[in-house]
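Dear colleague,

I am passing on the structure we spoke about, with the sequence alongside. Please look it over before you read my notes.

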Amino acid sequence: MTTLKNVWILGGTGYIGRALVSVLSEMPGIRLNLLIHTQTPFKYLEHANVFTGSLQSFDLNWLKRYPPSVIFHMARLAGSSLVMRYFRSTTGARSNRRLLNFLHTENLKPVIVYVSGSLM
C-alpha cells in the first residue's frame with residue numbers, strides 16, 4: 001500500500017493557487033487538502049479534500065486527521081483601503097500565529113511555503 005503525502009493548500013483559488021492545484025493534482029502519491037473561501041467554483045476541486053472557511057476560524061484538528069507534509073499558505077484577507085489593509089494584516093498575523101502554535105503543540109513539522117498573494 002502506498003502512503004499518500006498530505007499536501008495542504010491554504011487559499012489556492014487565485015492565479016498562483018489554481019496553477020499549483022493543477023500541477024499537484026497530476027502528481028501520484030499526493031492527497032490534496034484545500035482550505036478555501038466559499039465563493040469558489042468547486043468543479044475544478046473535485047479531486048481534493050475541500051474545507052471552506054477562513055484561517056482564523058478553521059478547525060485545525062483536521063491537520064491532525066490529515067497530517068501535512070507540506071503546507072502552501074496563500075490565504076490572505078483582502079483590504080481595499082489603507083485602514084482595511086492594516087486591519088486585515090493584523091487579523092492575518094493572529095491567524096498565522098494560531099496555525100503555528102497548533103503545529104508546534106501537536107508536534108507537526110511540515111515544510112511551509114508562504115506566498116503572500118498574486119501581486120507579490
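This is a predicted model: local features need pLDDT of at least 70, side-chain atom pairs count only at pLDDT 80 or more; totals for chains, interfaces and linings use all residues.

The chain holds three helices and five strands, and from the N terminus on its elements follow the order β-α-β-β-α-β-α-β. The radius of gyration is 14 Å, close to the 14 Å that the globule rule gives for 120 residues, so the chain is as compact as a globular protein of that length. Along its principal axes the C-alpha trace spans about 50 × 35 × 25 Å, and the accessible surface comes to about 7,800 Å², with 57% of that area belonging to carbon and sulfur atoms. Of the 120 residues, 34% count as buried. Among contacts with a separation of 6 or more, 63% are made by residues 24 or more positions apart.

The sheet comes next. The five strands of this open sheet are arranged in the order β3-β2-β1-β4-β5, with parallel pairing. Its edges are formed by β3 (49-52) and β5 (111-114), each of which pairs on one side only, and neighbouring strands are turned by 15° against each other on average, direction ignored. Helix α1, residues 15-25, packs on this sheet and touches β1 (5-10), β2 and β4 (68-73), while its direction makes about 160° with that of β2.

Two of the pairings can be followed residue by residue. Strand β2, residues 30-36, pairs with β3 in the parallel sense over four bridges, and here Asn33 has Asn49 of β3 as its bridge partner. The parallel pairing of β1 with β2 runs over six bridges, and in this case the bridge partner of Lys5 is Ile30 in β2. Strand β1 is also mostly covered, with five of its six residues buried.

As for the interior, in soluble globular proteins nonpolar side chains tend to be buried together. In this model the largest nonpolar core has 14 residues, and those with the most contacts inside it are Trp8, Leu10 and Leu63. Both β1 and α3 (82-105) supply at least two residues each to this core, and α3 gives the most, with three residues. A second, separate core of 13 residues includes Val7, Leu20, Leu45 and Ala48. To return to Leu63, this residue touches Trp8, Pro68, Leu99, Phe102, Leu103 and Leu108, when residues up to four places away in sequence are not counted.

With best regards

Technical notes:
Residues are numbered from 1 along each chain as its sequence is written. Side-chain values use heavy atoms; hydrogens and water are left out. Two strands pair if DSSP finds at least two bridges between them. Axes are lines fitted to C-alpha atoms, for helices over the stretch in contact, and angles run from 0 to 180 degrees between N-to-C directions. Contact means heavy atoms within 4.5 Å. A nonpolar core is a set of buried Ala, Val, Leu, Ile, Met, Phe, Trp, Tyr and Cys residues joined through side-chain atoms within 4.5 Å. Buried means under 20% relative accessible area, exposed over 50%, partly exposed in between (1.4 Å probe, protein chains only). The radius of gyration is taken over C-alpha atoms; the globule rule is 2.2 Å times the number of residues to the power 0.38. Accessible areas come from the Shrake-Rupley method with a 1.4 Å probe; for residues, only the protein chains shown count as cover.
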